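This report examines selected contacts in one protein model. Please keep the sequence and the structure in view while reading.

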Amino acid sequence: MKIAYDAKRYYHNRTGLGNYSRTLVGNMRERHGDVEAVLYDSKSLERTFRLGRKAKGEGCDLFHGLSNELPRDVVRAGVPSVVTMHDVAWRTFPDMYKPWDRLMYDWKYGWAAKNATHVVCISEATKREVMRYYDVPEERISVIYQPVQPLFYTPMDDAEADHIIKDVLGSLPAYALTVGSINSRKNLLGMVKALEQIPEGMRPLLLVVGDGREYRRKVEEYVESRGLRRWFRVESGIHDGRVLQALYTRALCMMYPSFCEGFGLPVVEASLQCCPVIASNVSSLPEAAGSDAMLVNPESAEEIANALDTMLGDSGERTRRGKAGHDYCMARYQPSVLTDQMYELYERIVEKQG
């Protein structure tokens, strides 16, 4: 099969959507030698309006939009299509988006969901939202979980993790970790308010791997106003998977009380390193983290603080939850299984169209 991929994020995004694209295509090439991957890194106009005809002209059997969108001419070109919908956060968390951006995402991403031959959702939560907001029938949707970068499936030992961390960040005190963009949806302010409730003698560093603008400034202002600077650190330049793996390995816990997620990839990455997880009890996060994570109401700083207090005060509980989370994610998110599910979907669509 000759599969066309919209590879904008594959080449130009170093975080979630880029990792999804690179991992999926890499796994497909490695596991299914009969797949010829054609990666289109096109300019905006061609990417939006002409890639369908280009894929048709180059003999592609199927077009896969890896990040919520498809070229507008893919239906007219007669190329069957798959679109991966990661979330519909512009609908479920609209306050984070400008009105024009919400309209544009509906125009691009909503159109792709409605017009794709088949929609892949990266969680059951995203599936429900796509059905709700875009009236896509359930029979035209498959849930295929997001593959994790291969390195995270091989645990790193503590000594190597300590060496990597010291080399990159210097000496760190005991820390709770959170990973992801710093925006209102991720609820960093809620984490800081929870941290504030931990007595100073027990309070860990909150280490944030990510970056942001307006919301980051808001959080930083709160940190300064409450005298929390010594327990708060942002690292915005970490893009090396091995460094991230080391940080997961040595963290007291992973904190991810987000208000809304399409999947929650850092939760799975952390769990695969036996790092215990505090996550919100809404959206896709119970699905991603499993029942042995500490699931909390993201609206409640007190609940987040109580979960963090439990993690800090009971090393046996941290170990138990970390091991259980590892086993859950190893069973649920095996790369070979996820890759085969996508390949079988490609086969069914191409055979049906043929």
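## Aromatic rings

Trp90, Tyr97, Tyr105 and Tyr109 are joined into a cluster by ring pairs. Rings of Phe, Tyr and Trp (its six-membered ring) pair if their centres lie within 6.5 Å; planes under 30 degrees apart count as stacked, over 60 as edge-to-face and the rest as tilted. The model is predicted: local features need pLDDT of at least 70 and side-chain atom pairs count only at pLDDT 80 or more, while totals for chains, interfaces and linings use all residues. Residues are numbered from 1 along each chain as its sequence is written, and side-chain values use heavy atoms, with hydrogens and water left out.

In total, the structure holds 12 aromatic pairs. One of them is the edge-to-face pair of Tyr10 and Tyr11, with 4.9 Å from centre to centre and 70° between the planes. Tyr10 is buried, at 17% relative accessibility, whereas Tyr11 is partly exposed at 43%. Buried means under 20% relative accessible area, exposed over 50%, and partly exposed in between (1.4 Å probe, protein chains only).

## Charges over rings

The charged end of Arg72 is placed over the ring of Trp107, 4.2 Å from the ring centre. Arg203 lies over the face of Trp231, and here the distance to the ring centre is 4.3 Å. A charge sits over a ring if NZ of Lys or CZ of Arg is within 6 Å of the ring centre and within 35 degrees of the ring normal.

## Two packed helices

How do H8 and H11 pack, and at what angle? Helix H8 (residues 158–169) and helix H11 (residues 241–250) have axes 9 Å apart and an angle of about 120°. Helices (H or I, at least four residues) and strands (E, at least two) are DSSP runs, numbered from the N terminus. Axes are lines fitted to C-alpha atoms, for helices over the stretch in contact, and angles run from 0 to 180 degrees between N-to-C directions.

The residues of H8 that meet H11 include Ile164, Ile165 and Val168; among those of H11 are Val243, Ala246 and Leu247.

## A buried cysteine

Cys60 belongs to the loop between helix H4 (51–57) and strand S3 (62–65). Cys60 is buried, with a relative accessible area of 8%. Not counting residues up to four places away in sequence, Cys60 touches Lys2, Ala4, Val38, Tyr40, Ala55 and Val79, where contact means heavy atoms within 4.5 Å.
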